[in-house]
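Me: Could you walk me through reading a protein model, one feature at a time? I would like the general idea before each case.

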Amino acid sequence: MKGLGALESQVMAVLWESSQPLSVHDLVDRLDNDQRVPAYTTVLTVVTHLWEKKWVQREKVGRSYRYRPTRTRAEATTDLLREILDASPDAPAVLLHLVRTASAPEVEALRRGLSDDERGP
């Protein structure tokens, strides 16, 4: 994700995959893979930065916090795409170029989304 460091992106991926808010201990356990496992304090620092950046919200449970994303992965990705389009001097051209690179399932999803918008809520 643009604007996120490597470990921040990994933490967000873990949070997006979870249906429940997670503690720092939960995050450390789920970040455990074949690569180097980050220290508890490192993950605490990362998730605190994510909270300060408003990527996550937190709720105090007992003596620790539980963290959850403030928006879905699709919403976060959409916001980043919107920023890119807004920064372009020719957003329609960028969007058309992007659509030309889309896969068949992506084009079908786009058609369904546009069709739903034409029918209204």
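**Rings and helices**

Reply: Let's begin with aromatic rings: a search of the whole structure finds two aromatic pairs. Rings of Phe, Tyr and Trp (its six-membered ring) pair if their centres lie within 6.5 Å. This is a predicted model, in which local features need pLDDT of at least 70 and side-chain atom pairs count only at pLDDT 80 or more, while totals for chains, interfaces and linings use all residues. Residues are numbered from 1 along each chain as its sequence is written, and side-chain values use heavy atoms, with hydrogens and water left out.

Me: How should I read the pair of Trp16 and Trp55?

Reply: A pair of aromatic rings is described by the distance of the centres and the angle of the planes. For Trp16 and Trp55 the centres are 6.4 Å apart and the planes are at 65°, so this pair is edge-to-face (planes under 30 degrees apart count as stacked, over 60 as edge-to-face and the rest as tilted). Trp16 lies in helix α1 (residues 6–17) and Trp55 in the loop between α3 and β1 (56–61), so the pair ties together parts that are 39 residues apart in sequence. Helices (H or I, at least four residues) and strands (E, at least two) are DSSP runs, numbered from the N terminus.

Me: And at what angle do the axes of α2 and α3 cross?

Reply: Two packed helices are described by the angle between their axes and the distance between the axes. Helix α2 (residues 24–31) and helix α3 (residues 40–52) have axes that come within 9 Å and cross at roughly 110°. Axes are lines fitted to C-alpha atoms, for helices over the stretch in contact, and angles run from 0 to 180 degrees between N-to-C directions. α2 and α3 are therefore roughly perpendicular to each other (under 35 degrees is roughly parallel, over 145 roughly antiparallel, 65 to 115 roughly perpendicular and the rest oblique).

Me: Which residues of α2 and α3 meet?

Reply: Val24, His25, Leu27, Val28 and Leu31 in α2 meet Tyr40, Val43, Leu44 and Val47 in α3, where contact means heavy atoms within 4.5 Å. By class, this contact of α2 with α3 has eight nonpolar, one polar and no charged residues (Ala, Val, Leu, Ile, Met, Phe, Trp, Tyr, Cys and Pro count as nonpolar, Asp, Glu, Lys and Arg as charged, and the others, Gly among them, as polar).

Me: Where does α1 meet α2?

Reply: Leu7, Gln10, Val11, Val14 and Leu15 in α1 meet Leu27, Arg30 and Leu31 in α2.
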